[in-house]
Structures are given as structure tokens and as C-alpha cells.
Amino acid sequence: MANLTIPRMIMSGLSRLSLRRGAERLFVVAGLAIILAFVFMAILAPVIAPYDPNKTGVGRLYESPNPRFPMGTDRLGRDILSRVIWGSRIVLIVTLSSMALSSICGVILGLISGYVGGKLDTVLSLFMDSLYAFPGLILAIALAVMLGQGIMPVIVSLTVVYVPIYFRMIRGEVLSVKESLFVEAARAVGANGRTLIFKYIFPNVIPSIPIVLSLNAADAVLTLAALSFLGLGLPAHIPDWGFDLRMGYGALTAKIWWPGTFPGLMIVLLTLGFSLFGEGLAEILNPKLSRR
Amino acid sequence: MTSLRVYIIRRILLSIPMMLILLSVVFVVLRVAGDPVSAILGGHAPLEEIERIRRQLGLDKPLYIQYIDYLSSLIRLDLGRSMIWGQRPVLTEILEHFPATLELSISAFTFSVLLGVFTGVLSARRHNRLTDRIIRLYGIITYSIFIPWFGLILQLIFGVYLGWLPISGRSDPGMAPQTITGLYVLDSILTMNLPSLIDSIRHLILPTITLGIYLSGIYTRLTRTHMIEVLQSDFIRAARARGLSERTVIYKHALKNAFIPILTMMGLQFALLLAGAVLTETTFSWPGMGYFLYERISYRDFTTIQGTIVFIAALIVLISLIVDIIYVYIDPRIRY
Amino acid sequence: MSQLLKIEGLSVHYYTEDGIVRAVDKVDFLMNRGETIGLVGESGSGKSTFGLAILRLVPPPGRIVGGKIIFDGTELTSLDEREMQKIRGRRISMVFQDPTTSLDPLMKVGDHLVETIMAHENVTREEAKERALKMLEQVGIRPERFGDYPHQFSGGMRQRVGIALALALNPDLVIADEPTSSLDVIVQFQILDLMKRLKELYDMGMILVTHDISIVPGIADRIALMYAGQLIELADVNSFFDEPLHPYGKALLESVPNIQFSDQKLKYILGNPPDLINPPRGCRFSPRCPYATERCRREEPPMINVGSDRLVKCFRY
Amino acid sequence: MGSAMPIIRVVNLKKYFPVQQSFLERLLSRRIDYIRAVDGVSFEIEKGEVFSIAGESGCGKTTTGRLVARLIDPTEGRIYFGEREITSLKGEDLRRLRRHIQIIFQNPYASLNPRMKIGDNVGHPLEIHGLAYGEERRRLVMEMLERVGLQPASKFYNAYPHELSGGQRQRVAVARAMILKPDFIVADEPISMIDVSLRARILELMIQLKEELNLTYLFITHDLAVAKYISDRIAIMYLGKIVEMGSKEAIFSDPKHPYTEALLSAIPIPNPRVKRKRVELKGEVPSPINPPPGCIFHTRCPLAMDICQREEPELVEIEDGHLVSCHLIK
């Protein structure tokens, strides 16, 4: 989008954030509520989880949901509710830290590449575009296989998968802002490189980051779940929705539905929270489409 | 139309550097960033075992020689041999599993595009009304679907409880058609084998819905966005001002123009389709490339994993080539 | 001369998030068969909306909220969509401002014409193509360019295509919405000349919507001046340019550089164009008008008949 | 005019833009096409005058303006500011030059930083050049805002660009250009995107400020009527070259180049009683990638001769200060 008006749209978008746009505001609020609910669940896990998530035999094997075990028990007689609650911790830790890492790397590289241009930009863009061309999950699988099991390897894999997205976005924005008239105007009054980046380019690029951050977080929750579903990544002692879902398939044909359904539902809900938040934000900050 | 031919030839030639770049990225990720040996052996292993594998994979050579070896064997279409069991050529194994993936992909892709474009057009025409809001929510929800969970729910409802549809595999035992193309539905038709046609379609339904709905949200959103944009453009207003019927305006002028960015996205989303296929196949024990990859991951079969990724890279290059060529035929502006 | 178009109390509002924009506010308008009217106003004066409203093509969130459009004896606002489609393109057609965006980029130029002709008349493709070729020739486009796509044409050529499309079915009225604003001066001259020629050849009425008052004398018989959604002066071209009556028209004319004069002193209009969500009370121009009185700020002046066929919305007359 | 030293002197200025290709395309093709936006332009601007460059879109007038303002580097040629050559100034030298040469852009909606208040947009140049900070800066900015008619200045000082109308924004742009007290200003179609009723106001403002601040303008416009109104001298550009140049009286009452004549005859006059001789041109402006050989105008010229296809006419002075590039003029 070679568009000079983006910053302007975002400005006017921000100013109306608080007022109108019913549906979008509802999206943002609902999304935020879901995300916060999971954050509290993760923080308060030791307090609210009724049982030790790893303790086997707290109930019988495959107890269906009942007052003692609202989500039932799994194949080892562990409490599914407690596992689900504890599972939110690892998901949030991994997604949030990989999002932080990838956005920092991507934004910095994108800024440099877009601003400096030339050979550096060509090489970096080619590399990032090729990474981007790969299906995120396949890339994550390859990396997770290479890096082995553990929390750090998973965070690194996800970071590598999402860096190109931030890179491409920021670089694109920088290029369009760099070409924009007000930056040329700033050069015309004698602004130097540093002033241009920090007073003209950066403030106009920043507003689009939260949208992408939120949408990528949604995607990262899914990718992480997929990795553990495929048996890659996290060590066995950490309660984890993706892996529990995989195990839930074991007794499916015996109509034992609860061990897979509840952890999977958590994955979908958290993803939904992030995407509602991001989508609503995007619509509000980009009124071009919805205004008329 | 010579310029058209020149364009296509140039575009085909462009695939070569593209492929080379992608292969180099694979090399960097698998050999430079990670250590295949520890990936295979999982860290603790006797020294002589490590040495053996290093020699077997050629990892004892300097990196640039490894790179040249890697590229030259790929040029010979040699993806190496599997590290387990019969040490069969990786390419042979991939090609055995590829038709299953292709069949699922085609069916899910078609389903998702039809569903997505239909809902997207509907949403754009009812812009900002209730239908539009509901369809937009649908778009967001599909984005959040976790395939294995959605598959699980579908299996529970339609397989376990209602018992209408099979929940795994491509066919019931003994029902597979004689292999011609490897696409069961097509093979059943070619061999005029009605029972196996019905059987293969029944097996295809749940995986198709699972993957198709997941992918459809993207096309819904995309179609909606671009239709809204196109519907506001001058030439649509001009078409209306000429007294054309609403149908002609929407389907002949607007959708065709909105389709160009959708096509671009289809090329890019092919990657997403593949990733989705890996999960769908694993969920439904569908014996395609994704399921195969999943099985080999657990055996840490390095050459197979590398081979599959190289194969996927080739597919990506091929698809982007096809999309660009279709492009030329749809959009006259590119030819000149 | 017989009456072609009669508009009574037409109002078009846009229902935006910021409030209701009264883009066209109770406009009365009358034109005869074969006549050319230059409809002049600044951006935001409602002139383009007025043009679109006649074809009932005001884009949402805009709506015609009141008034009648009587075209050749038919009341258009009460027609159903299908009947309206028969009028668009065939009886009333439109030339758009930006020829680069008003043609479908994926469709051959000639097919635009064929499609339009076939939408309205029961002819075969071959017959339609023959007529299309003839039409292209009329506007100065060689037949071998029939199969070219819009992007292969220059802006001026595309606008010729736009004109051919508007005239293809020999309509009674053409609404030309800033047809030359995006063109360079030489091409503008050629296009205006072409439109004038064809208009006479086909004997149609034309409403030329423009912000550029300078092009009006060369093509129009009468001028209609719009300000803030209202029609404020209606006069034949000679008498208007001899002596504009409405203070806005007078000021506008004095603010445009004119190459006739060697020592012109431009006058300018104070203040800003009005906000159509909260238009000024009384006369809409009163906050910027040098002659404004208390009454102007309080009461809205009616359209006053001064002399033959000349109307002005101002208390001074 | 004819005073001793021109403030701006441009000699044989050229700017060729390569036609964009992606990295991968460049691997396959070695031919690079160039758009000859400006192709050998020379002129001088005297101190205190308004010199206009007029022409149709794509003639290279805006590129010429950006070259003179040193926003882009020329492919060839020289630019002098006073006695000093500024063609290849870089870094700190170029930054210091910006105090003296300023530019006003066509699009007031895009030329202001949307995330800076008006006061900062206008005052930032002062900080950049270390001229004024804090209270002093505020005072200078307020004074300038008043001067360009943005009153009350305190209200505009804290507003953001998107809260202003097009006309107001263009006045902000004028204020920003003037705040450094430059000697020379390039005004690139400063009124073409503004509401009709506000254009005269901006023109008058520019004329008034020119007198008060002792400025020199290079005024770029597609509108010859505006050029006639504001300029002392005018150059007519076609396909990257100047085809005619002279005082506005010479250009308007005694045009020599067939293109100038065609251009003048196409200008609409807001008076139905004036009937004029029309000069018709055939065809369309050729592509600046492959301009025609010989005289660039011969493909459309109603008076073209054999020589016009072969030989490029020189820009010659036919009378004091009136230059024409045409074989018909000897």
C-alpha cells in the first residue's frame, strides 16, 4: 500500500477509538476480556486449580465431568480442569515472549532495512521474504526438530517464524512513510537522518504495531499448540493444551470426549481473544473501509 | 502476443533464482542454525555414534562443501535416503504420499474458496448491516479455529455419536481403487468403481470440512474487503450509470476485479494450506505428506524431514509460478 | 423549447458518523431539451451529489430524502430499480471525472460499448459491435483500438471513450461530472470541443458539473451556481458573466485569474467553505458575504425572480 | 531586471529516472530504461523576481523544482546559488543551504507531519538549525502563524494537521517555509489542490510575504492564468525541455513557439463574449522514455518542417530576454 494517508487515517482513527463504532468496540472489549481472563488464570493458577495438574490418580481413569472434576479426568486420572488452568501459563509465557522477541527484532531490522536501503535492504528482504514464503508451521517444525525439546527452543522457533512478518510490515511502512511528502518536507527544512527516523518516520509507523502484534499472538497460540500436538517442543512435565488434546484422541471411539475437548477449547478461546482484539483494533484504526 | 510469451518465459526463468534462494534458506535453518546430529541423537550419545552419523550425512566436511554437495544432489533430484528401516529414497517416499495430500488440498481449497467468496460477496453487498457483522465474526472465528480440535469435534459428532462418516484414513480396508493417479476419487471414476467412489468421498468429507472452513475465513475477509473497495470505485458507479443490471455489475465487473488480489492471496495462502494439511492429516490419520512428516518427526529421521521441506519449497515456487501465469491471463495490465 | 427536466425541492443527505451532511438542500431546477447548463460550485457545494441524484446513484450513506425529479414527464424518485436501470445510460447518461478509474480495467474498451448497447437494446453482438465502432469513430478513436484495454489509452483518449459510452444510446440528457478536471489544458480544450460538437449533433441536453467557472462560457447556455448544498443563482451565461448578481458569484469571478487582463487584482473570499453538518443560519453565504445584514444571518432568502429567466437567492434583489 | 547577479542559475540540468525493476528482474535483464524527466534545462532567476515554469503534467516542471531545491540529485548539469555552486553539496553543507532555499509543496494534506502539532511542524525547522528554542521558538512561530493569517495563532499552535482545512494547511506549509527567513522559495503548484474560493487568498499571501521578506520565487504551475498573474518571467516546458522563455508580456502578447501558442489558446477565459483563434494540436505527448529525435515537438507541431525531424533547435534569444527553441525562428 503506497499510501500517504495511512498515518492520517490512524490519527483520526485513534481519536474516535473512545466514541463510536459499536461492533468494533465490542470486538475489542470482548477480545480484551478473554485475554485478561486467561492472564488472571495463569497468574492465579496455584490458587484456583483444585489439584496438582501432574498428580496422577487424583480420580479414577477417565472420569466423566462431575462436581468433583468439572472437566473430568484423563487417562492417568489427572484432573483436567487443573491441567487446563496450569496450561494457560506455558501458552502465555511462550507466545508473549516470542512475540516480544520477534517484534523487537523485526521492527529494528525492518526500520534499518527500510531506512538504509541499498544492498543491505536487498539481502535482508530476500532472506526474510523466503522465510515468509514457508508455511509458518513447517518452519516451526523444522526449527523445533533442530533445536530439540524445551521451552527456550520453542520460543526461539516461534520467534524466527514471526520475525519476517514484523520485518516486512515495518519495512513496507518505512518505505511508504519515507516516500511521503512530509518526510521530503522535513528533509527540505534540513532535518538529518536521526531526526527523520525518530520524529517523522517512527511515530508514523508505530501505530500499526499493536494490530499485527495481536493478530500474530493469535497465530502463535495456534502454532505452539500445533507443535505440541505433533509431539514437538515442550517437556512432558509441563501441562500443555496441545499435547493434552493429542492424548484426548486415545479413547475417542469409546465416546470419551472430555480429555480432548476442554484443552482444545482453551486454545480456540485464547486465539479468539487475540484475534477479536486485533481485528477490532484494525477496523477502528483503518476506517477507510468501514466509514462509508 | 509475443510480449505475453516473453513475460511467461521470463517468469519461468525467475523461478530458478527463487528456488535457489529458498533452498539456501533451508540449508541455513537446518545446517547452520541447528545441529542435525544432536537433533537425531537427542544430545547424549557415544562419540563414535556421533562420528558415524556425521560421516554418513557429510557433516564432517567444511560448510561450503556441504552446501555444494547439498545443491548438486538436489539438482540430480536426489533428496537422500531415509535414516530408518529400509533406507528408501526420500523422494520415492514423498511421492508415494503426495497424491493423498494433493487430493485433500484440492478438495479443501475448492470448498474454502467457494464458501469464502460467496460469504464475502454477501457481506460486502450488505455492508455494515447485520449479515455483514455476522459474516465478519465468522471470519474472525475461523481464523481462531485449531484444526485438531475442530476435527475432534466433527469426529465426535459425525463419527462417534451419529456414526455417519468415517473418522480416519482414505478408505475402508479393501475399498481403495486401483491406483492410476493416486487421487482416490479420480481413480474410482476412471475405473468406474462406484463403491470405492462413495467410500473415498465419505472419507474425504470431514477432513475437507475441517481444513476448508479453517481456510475459508481468509477468503471471506479478503473477498469482503476487496469487494467493498471495488464496489466504491468509479467504474462500478459508471457501470450502474450505464444502466447495467445489478447482477452484471456485481459478478461481471466487481467480482472479477476483486478477484485479482484474492488470487495473489491464494498463492501466498498456499503455504497456509500446506500447514493446515499437516494438522488435518495428522488429525484424521490421512496418509499424506503431512502425516508422513509427523510419523518421521517422532523417529527423528533427519533426511526425510529435510527432504520434505525441500519438496515443499519446490511446491511453493511452482505455485507462485502458476499463480503469476494465471494472473497474466486475467489482468491485461501486466502484459505491457 | 420543451421542458426536459424539472426538479422540485430535491434534498440529499449523507448519514455519516459525524452527523447528517445536507449535501443537497431543497433545490428547484428546470431545464429544457437540448440545453447545456453549467453547474458550478466548489468542492462540498453538493454539485456532484446533485448530478448523481438525478440518476439515483448517490452512494450510501447518502440518500435522497425529499423532492421530485421529473424527467420528460416521468417522476424518477418513485420508479423501482428495474425501471430506473432502463433510464440510466439510455435516456440519461453520465460522463465521469476521472477517466482512468471510470472504465473497468479488465475489460476491453470496445466491450464496454457493446455491453452497454446490449443491455438496453435487443441486438446481436455483431450489430452492437458495429454500432460501437461507429461510436468510437465519432469521438475520434480508430477502430483498431476496439480491442485495447483502458490502461493502453491516455487520459484524454479514455475520456473520449467515456463520452462515447455516454452517447452510445443517444440519450436526452448527459450529466458530465467534472469531465475535464483531471486533464491538461490542451486536452481539456479538445474534450470540451468534442462534447459541444456531439451535443449539437445528437441534440441532447447537458448538465456540465464543474468547479472551474472559466470553462463554462465556452460550452454552456446557462449557468447554475451552487453554494453549500443550495442553488443560489440561475442565469443565462452572457448576463451572468456581464454581471453576476449573487455576491458569491461575483466574488468567485473576481478571484479567478483571467489572461484577458494585463493588470488584474484578484479579490478573495474571506473565511472558509461552510460545514454542511452545521450550516450557518440564514443565508449560507452570510458569514463570508461583504454585504451581509442582520436579516441575512437570521433568515434564509428565497429564490427571487429577477428579469427573464434569471433567479437569485439573495435579499439584495 | 538585468541586475548584476542572479540568485539562482541553472546550467544544462538533467534528471533521468531509471524505470523501476525488482531485484529478481534485474538479474534477468540488463537493459535499463530511463525516464528523461528533465533533459537539459538552463535558466537564471534574478533576486526579487517571480520566475514561473509552466507546462502540462509530465513535462518535468516539478522535477526541475525539486532539483533546484536540492531534494534530488541531478543526473547532469550545474546549479548555482548566487556565486556558489550547490549541485553536489552534501551533509552539513547541504543542511546549511536549506536555510536559504525552501520549498512549498502542492499537496497540503500530505506535506505536514500528521503526528506533530502545527506549532511543532512550523517550529521544528528553527530547532533543526539551532536558531531558536523554547519560549523564543514559540514566539517566532506565533508571529509567523499570525502573518500567514492563521488567527488566533494560539488556537492553531496546538492543533494537529488533520483538524485543519486544505487552505489552512497550505498556510501552515507557507509558514514553515518562511520561518527560516529564506532567500529563495520553490513553490510547486501551491494552490492547485485548494478550494477555488481560497486560492486567490494564498496567492495574495505569497505576493505579500515576498515583498515583506524580500523573497525570490520559482513558481511551478500548470495553470498559465495563474502564472500570468503572479510572475515576472515565465518558462514553458515540454517533454523535459524549455521551449520558450521570456517576460510574461512577451509570452502572452507575442508567443513564438507553436506549443506556447497552442497552450495559450486552450486556456479558458471566463467571458462568453471573447472569441479567440484556436491552435489545434494533433496527437498526444510522446513518452519521456523515448522522446522523438530532432525537435521534441515535431510530432505534434502544425508547422513542422523536414529539418524539425532531424535537428534539435537551440534555445536562442530573439529579443532582449525572450528565448525560443524553434527552427521557424531565425
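A residue is called buried if 20 or more other C-beta atoms lie within 10 Å of its own, exposed if 12 or fewer do, and partly exposed in between, with C-beta atoms placed from the backbone. The views show a predicted model, in which local features need pLDDT of at least 70 and side-chain atom pairs count only at pLDDT 80 or more, while totals for chains, interfaces and linings use all residues. Residues are numbered from 1 along each chain as its sequence is written, and chains are lettered from A and ligands numbered from 1 in the order in which they are written.

**View 1. Helix α10 (residues 234–241) of chain B.** Helices (H or I, at least four residues) and strands (E, at least two) are DSSP runs, numbered from the N terminus. Because seven of its eight residues are buried, α10(B) is largely enclosed by the rest of the structure. The buried residues are B:Phe235, B:Ile236, B:Arg237, B:Ala238, B:Ala239, B:Arg240 and B:Ala241. Their cover includes α9 (194–231) and α11 (246–283) of chain B, together with β6 (92–95) of chain C. After α10(B) comes B:Gly243, with a positive phi near 85°.

**View 2. Helix α7 (residues 166–178) of chain D.** This helix has 13 residues and reaches 18 Å from its first C-alpha to its last. That is close to the expected 18 Å, a span defined as 1.5 Å times one less than the number of residues. In α7(D), 12 of the 13 residues are buried, among them D:Gly167, D:Arg171 and D:Met178. The elements covering them include β6 (101–104), α4 (118–128), α5 (134–147), β7 (184–188) and α8 of chain D.

**View 3. An open sheet in chain D.** Four strands are arranged in the order β2-β1-β4-β5, with antiparallel pairing; two strands pair if DSSP finds at least two bridges between them. The edge strands β2 (34–46) and β5 (84–85) each pair on one side only. Strands β1 (residues 6–18) and β4 (residues 76–81) are joined over five bridges, and D:Arg9 has D:Tyr80 in β4(D) as its bridge partner.

**View 4. The side of chain D that touches chain C.** Here 31 residues of chain D are in contact with 33 residues of chain C, contact meaning that C-beta atoms, placed from the backbone, lie within 7 Å. On this side of chain D, α8 (196–213), α9 (224–230) and α11 (258–266) each supply at least two residues. The most come from α8(D), which gives seven.

Methods
Contact = placed C-beta atoms within 7 Å.
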